[in-house]
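Please read the points below alongside the structure.

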Amino acid sequence: MKFLVCISNVPDTTTKITFTPDNKEFNKAGVQFVINPWDEYALTRAIELKEAAGSGTVTVLNVGEADTEPNIRKALAIGADDAIRVNAAPQDAFFVAEQIAAVAKEGGYDVILMGKESIDYNGFQVHGMVGEMLGIPTVAPAMKLDMNGNTATLEREIEGGKEIVTVTTPFVASCQQPMCEPRIPNMRGIMTARTKPLKVVPPVGEPARTQVAEYALPPKKQGVKLIPAENAGELIKLLRNEAKVI
Amino acid sequence: MSVLVVVECADGEVKKSSLEVATYGAEVAAMLGTTATAIAVGEATEANLAKLGEQGITKVLYDAEPRLKDFVNNAYTKLIATAAEQEQAKVIILANSNIGAAVGSRLSVRLKASLATNAVELPKTDNGQFVVRRGAFSGKAFSDVVLSGERKIIAVKKNSTEAKHEAGKTAEVQSFTAQLTDADFADAPTQVVMQDQAGGILLPEADRVVSGGRGMKGPENWGLIEDLAKALHAATACSKPVSDVDWRPHHEHVGQTGITVSPNLYIACGISGAIQHLAGVNSSKVIVVINKDPEAPFFKAADYGIVGDVFDVLPKLTAAVKELG
């Protein structure tokens, strides 16, 4: 079984978000970038399934410029076998999906996994686009993935419940908890990752379909109104008469 | 040329988020000088679909194929794409739900449309550009996205717009078929399992949420959260550490890597307010924080707060809600 796991390079989850003075770009100064947390579920589950089968490969794919390579190496250290970097700044979901679809087609992968969304763009779009571009099923978002030969059984989250879906390879799934416990790299993994193959390929396809005109921060809160604990019931009156939310 | 609105239904009823989307779609149609048609997915009754007129929808298309009761990505995509072609829809609007986002992304490729998910406001069409404001950086910021091309798809974040109810207005309900084949249902679910929801209120759609953190000290104390939620007709939720130790199920976890919510009222009980938790809730209209630590960072994001012991405060709040009647 050949797994293709797509990872994004995103600001650390504790990052305070700021923008360049013209609000056109995210301010990367001093920001630590990590593997998108949702993608870690995809990566770990692919490695687990490969290990359980006793054969197969896990290839990591990132669409990004050279500065994403530390996180690609981290994915290799966690247990992926090799990596591909499409040498381009990700422009929008459509552009990224095109790159993934092209790599998937070329490599003949059986299972394409990724996180349900990236924590920066929050698009929840790439997996569906890749599935449609390749003409294969998409299961999104998946909370559980088991494989039996070329048949996969997935639990897909729906509002208020879950669906059990069975598909045959090839397919795309976007992953979320509680699919697995993401792994962290150990020293042996870090050492072996240095020698694992990382191929850099040029981008393909059409231009992006969306452009960010400007970023904005939410308006600042006015400050908390504190109610004494001994008079807690007063809060309910304020929520009804002042905030008008109950 | 029209606006096509995708309306999700379950058990015969139109979902709350779809009533919001219907209103949003009717307003976009008015902006563009056209009308809004809906395509209904899921199990619906004709009477409930006709009531979408209250939100400004003029016509509703409905395919009564029984296998469309549950979500099937391929079949829903084909159904909506067929409706979009029939109606020559230039703008397609969906809810930013698990269904809406999953179908919207496939549709955007099939219909060669540009797509904005997580939209929080009506689009702006100044200077010949079509610009949609959407949530980004897990609720910590917004981005104004220019959608190019002839066709646009917008997935609207829940609770970011209010559903209108103009009593007495009805929509024309027309039967519709996309000529779906067995192959379109190849990825149909083999089983659908609904979760237990406190008071039957779905967390992603809830107007009010009462949420607990590690300050609740253990799952045996969740009755206090549930009592207040029940009195307020609210959904219950929890922070990540709570679901990680299995005090509460994962589907209640709100935060950056859990469910993102934007209710009118979010009450955080015994949650300190890590930045990852705030990212999942900071678009709530009113945030209330109850914590015995006055230095808890959540107070900085709160509108109202009580510095006190949740075990003392929560019963008082529940009693006060019940007194209101």
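1. Salt bridges between the chains. The count between chain B and chain A is 4 salt bridges, a salt bridge being a side-chain nitrogen of Lys or Arg within 4 Å of a carboxyl oxygen of Asp or Glu. Asp303(B) and Lys221(A) form a salt bridge through their side chains, at 2.9 Å from N to O. Helix H4 (residues 98–110) of chain B contributes the most to the side of chain B that touches chain A, with 9 residues; helices (H or I, at least four residues) and strands (E, at least two) are DSSP runs, numbered from the N terminus.

2. Basis of the model. This is a predicted model, in which local features need pLDDT of at least 70 and side-chain atom pairs count only at pLDDT 80 or more, while totals for chains, interfaces and linings use all residues. Residues are numbered from 1 along each chain as its sequence is written, chains are lettered from A and ligands numbered from 1 in the order in which they are written, and side-chain values use heavy atoms, with hydrogens and water left out.

3. Extent of the interface. Contact (heavy atoms within 4.5 Å) involves 86 residues from chain B and 70 residues from chain A. About 6700 Å² is buried between chain B and chain A, with 57% of it on carbon and sulfur atoms; buried area is the accessible area (1.4 Å probe) that two parts lose on being put together, summed over both. Asn98(B), Phe137(B) and Tyr304(B) supply 12% of the area that chain B buries against chain A, more than any other three residues.

4. Domains of chain B. An automatic or database domain assignment divides chain B into domain 1 (2–185) and domain 2 (203–324). Taken over C-alpha atoms, the centres of domain 1 of chain B and domain 2 of chain B are 31 Å apart. In chain B, 9 residues of domain 1 are in contact with 14 residues of domain 2, and the area buried between these domains is about 990 Å², of which carbon and sulfur atoms give 35%. The count between them is 1 salt bridge; Asp207(B) and Lys16(B) meet in a salt bridge through their side chains (3.6 Å, N to O).

5. A residue of chain A. Is Ile7(A) buried or exposed? Ile7(A) counts as buried because its relative accessibility is 5%, where buried means under 20% relative accessible area, exposed over 50%, and partly exposed in between (1.4 Å probe, protein chains only). Ile7(A) lies in the loop between strand S1 (2–6) and strand S2 (9–11) of chain A. Leaving aside neighbours within four places in sequence, the residues in contact with Ile7(A) include Ile35(A), Val60(A), Leu61(A) and Ile72(A).
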